[in-house]
Amino acid sequence: MSAGRLVILTGAGLSAESGLGTFRGAGGLWKGHDATRLATPDAFARDPETVLDFYRMRLEVASHAAPNPAHLALARLSHAHPALTLITQNVDSLLEHGGATGVIHMHGTLESGLCPVCGHRWTVERYDIDVCCPGCGHRPIRPDVVWFGEMPRHMPKIEAALARANTFVAIGTSGSVWPAAGFVAEAAQAQSLEINLEPSDIAQEFDTGRYGPASEIVPIWVDEVLATL
Ligand code: OAD
């Protein structure tokens, strides 16, 4: 695999070795927590305090995490590759903290607050029921993330990149959440590669797979791509 128009999709497995939990599998966030009570607009309307407690915990964990070698390798690639679309489902900012540019956050970002009334967005330090929007004073505020039942962000741009891609690579994602699970099929013209700890639910849809920890596999693969540029 080499240059051409490259689309990369990353998921929670990319940040697992930075200490952020994945969602599914043993110890996953959705094993210990009920997503329907924590990550839906209805849950926020019913019980904002419980939802904000969950996101306060996640923001605290993310703010102490450091990029791992996989984030750093993708950051190098983001500067060197002439036609890269780098998409993440992750709400952490570890790709950016590793130096990556142009990251498309299809599920939003944890570090950004969103006022449900005036739409103001800003960098938050903590989530709590008493935190007010600095724009209009409303509370409670919400995290600027995509919840179940909401539209992922930047879909027209993502779909255009998938339609043009020569290469599609999914890194550290289980392939169980739509629309991201459908990206490999949408990139119909592309050679596809899955990089994951183990074959995902949709491994059979990829042309090839490389399996092991992202911190080991991704830097090797990135060096191979850089050598072709
Ligand atoms: P998942 O938790 O569903 O899947 C994480 C994948 O990463 C699994 O296939 C693991 O095998 C793999 N993995 C774990 N550790 C790894 C490592 N060190 N190196 C490489 N791979 C590793 O997470 P996502 O697929 O990202 O959405 O989940 C997608 C969406 O579901 C999330 O964005 C979130 C969640 O509900 C929302 O909250 C809207």
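A polar contact is a pair of N or O atoms within 3.5 Å; within protein, one of them must be able to donate a hydrogen and the other to accept it, and residues adjacent in sequence count only if both atoms are side-chain atoms.

**Entry 1: ground rules**

I am working with a predicted model, where local features need pLDDT of at least 70, side-chain atom pairs count only at pLDDT 80 or more, and totals for chains, interfaces and linings use all residues. Residues are numbered from 1 along each chain as its sequence is written, and side-chain values use heavy atoms, with hydrogens and water left out.

**Entry 2: the ligand**

Which residues are closest to the ligand? I found Phe23, Arg24, Trp30, Thr173 and Ser174, out of 23 residues that surround the ligand (near means one heavy atom within 4 Å). Helix α1 (residues 12-16) gives the largest share of this shell, three residues. Helices here are DSSP runs of H or I with at least four residues, strands are runs of E with at least two, and both are numbered from the N terminus.

A polar backbone atom of Phe23 is 2.7 Å from an oxygen atom of the ligand. In the side chain of His107, an N or O atom is 2.8 Å from a ligand oxygen. For Glu198, a polar side-chain atom lies 3.3 Å from an oxygen atom of the ligand. Taken alone, the ligand exposes 800 Å², and the protein buries 91% of that (Shrake-Rupley method, 1.4 Å probe).

**Entry 3: helix α8**

I then turned to helix α8, residues 155-164, where Met155, Ile158, Ala161 and Leu162 are buried. Buried means under 20% relative accessible area, exposed means over 50%, and partly exposed is in between, with a 1.4 Å probe and protein chains only. Why do these four sit on the same side of α8? They cover an arc of only 130° around the axis, which puts them there; the arc is that of the directions from the helix axis to the C-beta atoms.

The face turned away from the buried side carries the exposed residues Pro156, Lys157 and Ala163. I also noted what covers the buried residues of α8: among others, β1 (6-10), β2 (84-88) and α9 (183-186).

**Entry 4: salt bridges**

How many salt bridges does a search of the whole structure find? I wrote down nine (a side-chain nitrogen of Lys or Arg within 4 Å of a carboxyl oxygen of Asp or Glu).

One of them joins Glu150 and Arg142 at 2.8 Å, N to O. Glu150 is partly exposed at 26% relative accessibility, while Arg142 is buried at 9%. Another pairs Asp144 with Arg153, with the closest N and O atoms 3.1 Å apart. Here Asp144 is buried at 4%, and Arg153 is partly exposed at 22%. Salt bridges that share partners also join Asp53, Arg56, Arg126, Asp128 and Asp130 into one network.

**Entry 5: Arg56**

I followed one member of that network. Arg56 is found in helix α5 and is partly exposed, with a relative accessible area of 23%. Leaving aside neighbours within four places in sequence, Arg56 is in contact (heavy atoms within 4.5 Å) with Tyr127 and Asp128.

The side chain of Arg56 reaches the backbone oxygen of Tyr127 at 3.0 Å, and makes a polar contact with the side chain of Asp53 at 2.7 Å. Asp128 forms a salt bridge with Arg56, the closest N and O atoms being 3.3 Å apart. That pair links distant parts of the chain, 72 residues apart: Asp128 is in the loop between β5 (121-123) and β6 (142-145), and Arg56 is in helix α5 (residues 48-63).
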